[in-house]
Amino acid sequence: MIQVEGVHKSFGALHVLRGINLDVSRGEVLVVIGPSGSGKSTLLRCINLLVEPDAGKVYIEGVQVNRPEIRPEWVRQQVGMVFQSFNLFTHMTALENVMLGPLKVKGIARETAEQKAKALLARVGLAAKANAYPAELSGGQQQRVAIARALAMDPKAILFDEPTSALDPEYIREVLDVMTALAREGMTMIVVTHEMGFASGVANRVVFMDAGVILEEGHPEEVFSHPKHERTRAFVGKILR
Amino acid sequence: MATVEAEATRTETVPLITSKTVIRAVEALVGAIVFVVLIQYVLRFSLFDPDLWSGATLRQANYWPRFVDGTKTSLFYISLTLPISVAIGFFLGWARVARFKAFSWPVAVYVDFFRGVPPLVIIIFASLLGPKLLPPRFITPDTPLLMGALALAMHSGAYQAEIFRAGFQSVSRGQLEAAQALGMRPGQAMQSVVLPQALRLSLPPLGNEFAVLIKDTSLLYVIGAFDLFGWSLLTGQTIAIDVGRLELLFTMWTSVALVYFVLTFAVTRVMLLVERRFHARGLEALSI
């Protein structure tokens, strides 16, 4: 479904990704862990081309997408994204946030888009907040609207960039529940997170990144309980404590 | 349950003109009238003094037609400079933040220049320069005036460029990324996400700048514009030197001030309505 082959990315002198290879199959939930600055966010951004890889290939459903002939906008319609800081459009209600993509990008009729947006808000448990503005919602509610907004584009996969890191502890559960339900429904997901509960309970596979390379990958159980690499062990030890 | 649902999903629209808006406007106008009535009493003149308006005393200097014609001319200069200055300000403000950086420093130089030189100097300079720059067949007697008006618009545009730049820069990078992540093209992201948020913050200072520009059109008198201010200045000389009725000056200049006040008041009220259109709940300023 999503393949990454030998991807490199530098920002100036900073070599952030140093040859990443990744293969995510349909319906798989892949959790990416690793210390900050290890290139996890950049990897996600290379997949939906918010960041253009310097070298290497990114495939979506077998089509190489980081080519000049392919519009990055088209790629981003296929692969949704949920951000650490939610990034809801502050000048729009929750409903309008969810409707905007279908309306402007897909050109769907307003009534249809509204019906669908309402259904999606109900699905993330926020039917009653359709007319609230982002500033009137809690962090957890904002992130659930952001997930509904990504779902509204009918993406083939969704990238989650530390979706619970900016949340107060009491709101983390509700966001993880929505993500878990999504995973159970067969959505292909790549999740950068340090939520070990989510990783061991929901992920099919965990990838440990350090200094721009994938150091270790495997079943969550395996990576958390029997890390092979010294640095994985050190990192897992820190976040499990 | 069904009623709760219906209540929650009802689309709310903020009414643009509320009874509060109307009351505020009426209050301001009543305030202006009370003020005028008071200074008439204190300074011993009448706003409706027939010696000024009918022209019996002033012989050739008949003020009423000048007042009407001058107001029309002022309106012409305002409706010419305001849109031009907004267009200049918007595109230059955008150029300052655009990904394409080549325009950024020329715009910075432009802004520094037009903010650093007095508008009167720029207006005079442009009126002299215009006939030298343009090919002779395009030059009419109005050319120096129009060049002066353009210079005034460019002066105000420099200030507005800074206002728009601040507006654009206030929109966080994440907002643009979220729009991109939905598959929006740059133009769509600009139109639906960046612009509405940038404008929300640019509108209040923009209204301020409009009020300044409306009154600054009176500066065009230095290059011979017979707008409301130009005609009144000429009439004032007649009153002071030829007639010696100084109280008529109070009558005239109070009337002039009232016209500028009403114009500015109207435009700033319209800006308030536009601001309300861009209102987002939860982002209100603190009430201190």
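**Entry 1: the model.** I am working with a predicted model.

**Entry 2: the interface.** I began with the two chains. How many residues of chain A are in contact with chain B? I found 31, and they touch 29 residues of chain B. Next I looked up the buried area between the chains. That area is about 2500 Å². Carbon and sulfur atoms give 57% of that area. Then I asked which residues of chain A lose the most area to chain B. They are A:Phe89, A:His91 and A:Asn131. Together they account for 22% of what the chain A side buries.

**Entry 3: polar links.** I turned to pairs across the interface. Seven residue pairs are in polar contact between chain A and chain B, counting pairs with both residues at pLDDT 80 or more. I also looked for salt bridges, and the rule finds one across this interface. B:Glu177 and A:Arg45 meet through their side chains in a salt bridge, at 2.6 Å from N to O.

**Entry 4: elements of chain A.** I checked which elements give two or more residues to the side touching chain B. They are helix H2 (72-78), strand E6 (79-82) and helix H3 (94-105) of chain A. H3(A) gives the most, with four residues.

**Entry 5: a patch on chain B.** I moved to the surface of chain B. B:Ile17, B:Val22, B:Val26, B:Val30, B:Val34 and B:Leu38 form a nonpolar patch there. Their accessible area together is about 520 Å². I picked out B:Val34, which lies in helix H2 (residues 19-43) of chain B.

How values were computed: Residues numbered from 1 in each chain as written. Chains lettered and ligands numbered in written order. Predicted model: local features only at pLDDT ≥ 70, side-chain atom pairs only at ≥ 80, totals over all residues. Heavy atoms only, no water. Patch = residues over 30% accessible without salt bridge, like charges linked within 9 Å, V, L, I, M, F, W, Y side chains within 5 Å. Areas by Shrake-Rupley, 256 points an atom, 1.4 Å probe, with all protein chains shown as cover. Salt bridge = Lys/Arg side-chain N within 4 Å of Asp/Glu carboxyl O. Contact = heavy atoms within 4.5 Å. Buried area = accessible area lost by both parts, 1.4 Å probe. Polar contact = N/O pair within 3.5 Å; in protein donor to acceptor, adjacent residues only side chain to side chain.
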